[in-house]
Every structure is written in C-alpha cells, then in structure tokens.
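Biologist: I would like to learn how to read ring pairs, salt bridges and pockets in a model. Could we take them one at a time?

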Amino acid sequence: MQKEDIRLQQVIIHIMDSSMGMPVLSDQVLDHGSDFGDFIRAHIYRLMESDDMKKCTFDEDSQAALLLEDYQTEQFVSASQKLGELLYTVMNKNIDIPPADLLVAEYQVEQQPFLALLKMNYKTYYTHMTDSDPWGNSNSVIKQKAILPGENQKLAEAALIDLTDRNIRLIEKKYEVNGVKTNYFSQLFLQCHGSLSPKSKLAIVTKAVDDVQKKFYHESEQFEVQMETKSIINQTLEEKGSFAVPVLIDKIFKEQEEMKEEVIRKLDKYHLAETEVAPQNPNTTKKYGKQNLITDTGIEIRIPMEQYQNKDKVNFITNPDGTISVLIKNVGNIISK
C-alpha cells in the first residue's frame, strides 16, 4: 500500500489544552488541500506501517464504542466533538498527560472506511517575530509552545478505527494517573484492550531467550551463543517474514529441554509462548541484519549477517588460554574510514 491510497473524506481538529479548563471544539471541518492533506496522510501511513501499533477491541461498556455504534458520515462533526470531550475529561483529571490538538480524520483505503484519532502533542520551538513602528523594524525571538508534530515525527498516542468491524490499531504511551503509570489512551479514553504490538512481542521473546542463555552459559561462551541466536532470528524473518514462537525456540535450543522450559515459563507470563510474531517494518528487524562486537580492548567490529553465516569468511577461535581470536578471511581490499 502507498500513502496515496489513503483517501481523506473529512478532517476536523479540536484543542485539548488542559491549562484552559475546557476543550475548544470545532464546529467546522477543515479544508484538507494538497499540503495539509499530505501532512495527514503521512501521519496515518506512518501509523499503518508501524510495528508499535497494537490490535485492540472495544470493551463492552466503552463510551467511545457506543458513540461509533451506528456511525454515519453525516455525524462526523458531532461524533468527533463527543470523542474530544471524552478525551479532555480524562486529560483534565490527570495533569501529567500532555496538552495537544486532537485531529480526527475520516478516510478510506480501498473503499474501506476508517476513523483516525491523532493526538498531536504540542512541541516547543523558537521562532522570530517582527515589530514595526515609525522608526523601523525590530526583530526578536519568541518561544512557541503549541507547535504540532511534523509529518516525519512519530505520534505518541493515536488510533485507527475500522468503521466496518470497529477493530482498532493503536499506539500509546503511559502517563501517571493517580500515581500509577497507565495506558490512559486505551484504558480510560477509548476503553479498549488488546494484544502487544509486534515490536513489543519481538523484544520480549528475544529478552527471554537472552536471559536464559546468560543463566545457563558461562560468560566466555555467551557471545557466540547470542550471535548464533541472532543469526537464527534473522534467517527466519528473512525467509518467512514472521515466526511461531515454539518453532523459533526449538531452533535456538534444539535438544536443550531445560532451557526451552525456562523460556516458555517466562513467555507464559505475557501469553506469548504459543503466539506468532510478524513485524512488518524493516526498521524493527534491521538490527538482526548485522553483528556488532566490541572487545575488552576497545576494538569494534560490525559483521553483516550474510558474512557471519558464511564460515569461509569469518571464524571465531577459542585459544588454549581462554582468549578469543577473530579470523576474517578472503578480504579483497580494505578501506579506512
């Protein structure tokens, strides 16, 4: 899918500045011409391609779900206002939630209708200001505290709602609510629940494997084991684009049943022992495409994974005294940078 496949229908923006004591809700849709339309499409597309997004469904008693239950396009303005009021009520009770503009967009992808809720947290930047008087111009620098994120910046909180089945893809950040770090965007605003994002799943699986390997292997053995694990994950993702957790664990630990059981116990806490991990954004998996090594003497080596997997190119040799030699073979030429 391309960014141009996002067809904007209606756009509106509401001011959610908790320092004002009340939301400023717009009664009119915005003109989403070429430049502004590109700005909105860029943010929606970035979210659609992000592995930070998690799939959610509305809770049975969700007020947001009730608002969208019989949604019709003619109700766009009023529905967006009511969603803005719900969000502001949560923000107004919890001062750590940053002020923002709520940009709501109705759009289609391949004739499928969606609603985007983009919480545009304010950024602070400096800009110039010119005062003119009969004696000339005076230029000064002022601080702007309510600048919206640029189209290349990641949003911390946003939701893309499928208006056909009301399934949600959501990204969020925890803020303090009653002294506890809380995912307020899903739990208090939209009142929905769901699975972990692909990026979180991948991070949890790799950390569980790493923790078990550190427990069972001597420190001098760990780097080779960890490199081999990285190689297995990279190869699996390159071949299939995803992996089933039990299959991956079998590949990594082979006949080491005790280690397998330990990893599964750790993953069971997150309900990930039987899941599928399917990251879609290359940025999520690019770190598995190379091996970065740092020796205790300060030497750094970066090895592309295809070279690491080719034993005719790179060898690691354990010497009788316990030190390790790295042998890089068949090099055509070397460039100094």
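Biologist: Which residues do ring pairs link into a cluster?

Modeller: A pair of aromatic rings is described by the distance of the centres and the angle of the planes. Here, ring pairs (Phe, Tyr or the six-membered ring of Trp, centres within 6.5 Å; stacked under 30 degrees between planes, edge-to-face over 60, tilted for the rest) join Tyr-175, Tyr-184, Phe-185 and Phe-189 into a cluster. This is a predicted model, in which local features need pLDDT of at least 70 and side-chain atom pairs count only at pLDDT 80 or more, while totals for chains, interfaces and linings use all residues. Residues are numbered from 1 along each chain as its sequence is written, and side-chain values use heavy atoms, with hydrogens and water left out.

Biologist: How many aromatic pairs does the structure hold, and how are Phe-36 and Phe-39 arranged, stacked or edge-to-face?

Modeller: There are seven aromatic pairs in the structure. The rings of Phe-36 and Phe-39 are stacked, with 6.0 Å from centre to centre and 15 degrees between the planes. Both residues belong to helix α1, three residues apart, so about one helical turn separates them. Elements here are DSSP runs numbered from the N terminus: helices are H or I with at least four residues, strands E with at least two. Phe-36 is partly exposed at 27% relative accessibility, whereas Phe-39 is buried at 14%. On this scale, buried is under 20% relative accessible area, exposed over 50% and partly exposed in between (1.4 Å probe, protein chains only). The pair Tyr-184 and Phe-185 is edge-to-face, at 6.1 Å centre to centre and 90 degrees between the planes. Tyr-184 and Phe-185 are both buried.

Biologist: Next, charges. How many salt bridges does the structure hold?

Modeller: The count is 11, where a salt bridge needs a side-chain nitrogen of Lys or Arg within 4 Å of a carboxyl oxygen of Asp or Glu. One of them joins Arg-41 and Asp-38, at 3.1 Å from N to O. Both lie in helix α1 (residues 34–48), three residues apart, about one turn of the helix. Arg-41 is buried, with a relative accessible area of 17%, and Asp-38 is partly exposed at 32%.

Biologist: Which residue forms a salt bridge with Lys-154?

Modeller: The partner of Lys-154 is Asp-52, with the closest N and O atoms 3.1 Å apart. Lys-154 sits in the loop between β6 (136–147) and β7 (157–162) and Asp-52 in the loop between α1 and β2 (54–58), so this pair ties together parts 102 residues apart in sequence. Asp-52 is partly exposed, at 23% relative accessibility. Asp-52 also meets Lys-199 in a salt bridge of 3.9 Å, N to O. That pair links distant parts of the chain, as Lys-199 lies in helix α5 (residues 198–216), 147 residues from Asp-52. Lys-199 is partly exposed, with a relative accessible area of 39%. Shared partners join Asp-52, Lys-154 and Lys-199 into one network.

Biologist: What volume has the largest pocket?

Modeller: Rolling a probe the size of a water molecule over the atoms shows where empty space is left. The largest pocket has a volume of about 560 Å³. Of its 20 lining residues, those closest to the centre are Phe-223, Ile-294, Thr-295, Asp-296 and Ile-324. Two or more lining residues come from each of α6 (219–240), β14 (290–294) and β17 (324–328). The largest share, six residues, is from α6. A pocket is an open set of points on a 1 Å grid over the protein atoms alone, where a 1.4 Å probe fits, with protein on both sides within 12 Å along at least five of seven lines; lining residues have an atom within 4 Å of a point. The volume is the space filled by probe spheres set on the points, which are joined across faces, edges and corners.
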